[in-house]
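User: I would like to learn how to read single features in a protein model. Please take me through one.

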Amino acid sequence: MDTISVNKFRDNMKSVVEEVINRHEPLKVTRRAGDAFVVISADDWEREQETLYVLQNQSLMQQIARSLETHNCGIGSMCSTQHYQQKR
């Protein structure tokens with residue numbers, strides 16, 4: 001994660017925020033007298049929250065593990081391109 005001073009952040013806020021959004025990478029902003037903070041795009045924040053939800057949900061993690069197990073054993077089902085297009 002890149003780091004920038006709060007003064008540089010404030011002076012270049014528009015371009016810095018655009019860069020954070022376009023690169024999909026958070027930015028750590030440091031302050032001389034205080035705790036640092038992180039700037040992250042709203043889309044990236046929502047993705048992070050969804051990932052945390054799944055990781056903390058035991059039922060979903062078990063379902064993913066079972067699915068991976070059947071896939072690795074070759075007993076899972078696979079949709080063909082034709083089947084997928086019919087579903088649309």
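User: Is Arg-23 buried, partly exposed or exposed, and what is its relative accessible area?

Analyst: One point before the answer: this is a predicted model. The general idea is a pair of cut-offs, since buried means under 20% relative accessible area and exposed means over 50%, with partly exposed in between. Arg-23 has a relative accessible area of 38%, so Arg-23 is partly exposed.

User: Which residue meets Arg-23 in a salt bridge at 2.7 Å?

Analyst: In general, side chains of opposite charge can pair when their charged atoms come close. Here the side chain of Arg-23 meets that of Glu-19, with 2.7 Å from N to O. Glu-19 is partly exposed because its relative accessibility is 41%.

User: How many residues apart are Arg-23 and Glu-19, and in which helix do they lie?

Analyst: An α-helix has 3.6 residues a turn, so residues three or four places apart point the same way. Arg-23 and Glu-19 both belong to helix H2 and are 4 residues apart, about one turn of the helix.

User: Which residue forms a salt bridge with Arg-23 at 3.0 Å?

Analyst: That is Glu-25, where 3.0 Å separates the closest N and O atoms. With a relative accessibility of 39%, Glu-25 counts as partly exposed.

User: How many salt bridges does a search of the whole structure find?

Analyst: The search finds 4. One of them joins the side chains of Asp-44 and Arg-47, at 2.6 Å from N to O.

User: Where do Asp-44 and Arg-47 lie, and how many residues apart are they?

Analyst: Both lie in helix H3, 3 residues apart, which is again about one turn of the helix. Salt bridges that share partners also join residues into a network: Asp-2, Glu-19, Arg-23 and Glu-25 form one.

User: Is Asp-44 buried or exposed?

Analyst: The cut-off for buried is under 20%, and Asp-44 has 7% relative accessibility, so Asp-44 counts as buried.

User: Which side chain makes a polar contact with Asp-44 at 3.0 Å?

Analyst: The side chain of Ser-41 does, at 3.0 Å. Leaving out residues up to four places away in sequence, Asp-44 touches His-24 and Glu-25.

User: Where is His-24 found?

Analyst: His-24 sits in the loop between helix H2 (13-23) and strand S2 (27-30).

User: What caps the N-terminal end of H4?

Analyst: To read a cap, look for a side-chain atom that reaches backbone nitrogen at the helix end. Asn-57 is the cap: one of its side-chain oxygens lies 3.1 Å from the backbone nitrogen of Ser-59. The side chain of Asn-57 also reaches the backbone nitrogen of Leu-60, at 3.0 Å. Asn-57 itself is in the loop between H3 and H4, and with 19% relative accessibility Asn-57 counts as buried.

User: What span should helix H4 have, and how far apart are its end C-alpha atoms?

Analyst: The expected span is 1.5 Å times one less than the number of residues. Helix H4 covers residues 58-73, so its 16 residues should span 22 Å, and the end C-alpha atoms are 22 Å apart, which agrees. After H4 comes Gly-74, with a positive phi near 75 degrees.

User: Which residues form a nonpolar patch on the surface?

Analyst: Met-1, Val-38, Ile-40 and Trp-45 form it, and together they have about 420 Å² of accessible area. Trp-45 belongs to helix H3 (residues 42-56), and its relative accessible area of 49% makes Trp-45 partly exposed.

User: How many helices and strands are there in the chain, and in what order do the elements run?

Analyst: The chain has 5 helices and 3 strands. Read from the N terminus, the order is β-α-α-β-β-α-α-α. Of its 88 residues, 11% count as buried. The chain exposes about 7,700 Å², and carbon and sulfur atoms supply 50% of that area. Among contacts with a separation of 6 or more, 36% come from residues 24 or more positions apart.

Technical notes: Residues are numbered from 1 along each chain as its sequence is written. This is a predicted model: local features need pLDDT of at least 70, side-chain atom pairs count only at pLDDT 80 or more; totals for chains, interfaces and linings use all residues. Side-chain values use heavy atoms; hydrogens and water are left out. Patches are made of residues with over 30% relative accessible area and no salt bridge: like charges are joined within 9 Å, nonpolar side chains (Val, Leu, Ile, Met, Phe, Trp, Tyr) within 5 Å. Accessible areas come from the Shrake-Rupley method with a 1.4 Å probe; for residues, only the protein chains shown count as cover. Helices (H or I, at least four residues) and strands (E, at least two) are DSSP runs, numbered from the N terminus. Buried means under 20% relative accessible area, exposed over 50%, partly exposed in between (1.4 Å probe, protein chains only). Contact means heavy atoms within 4.5 Å. A polar contact is a pair of N or O atoms within 3.5 Å; within protein, one must be able to donate a hydrogen and the other to accept it, and residues adjacent in sequence count only if both atoms are side-chain atoms.
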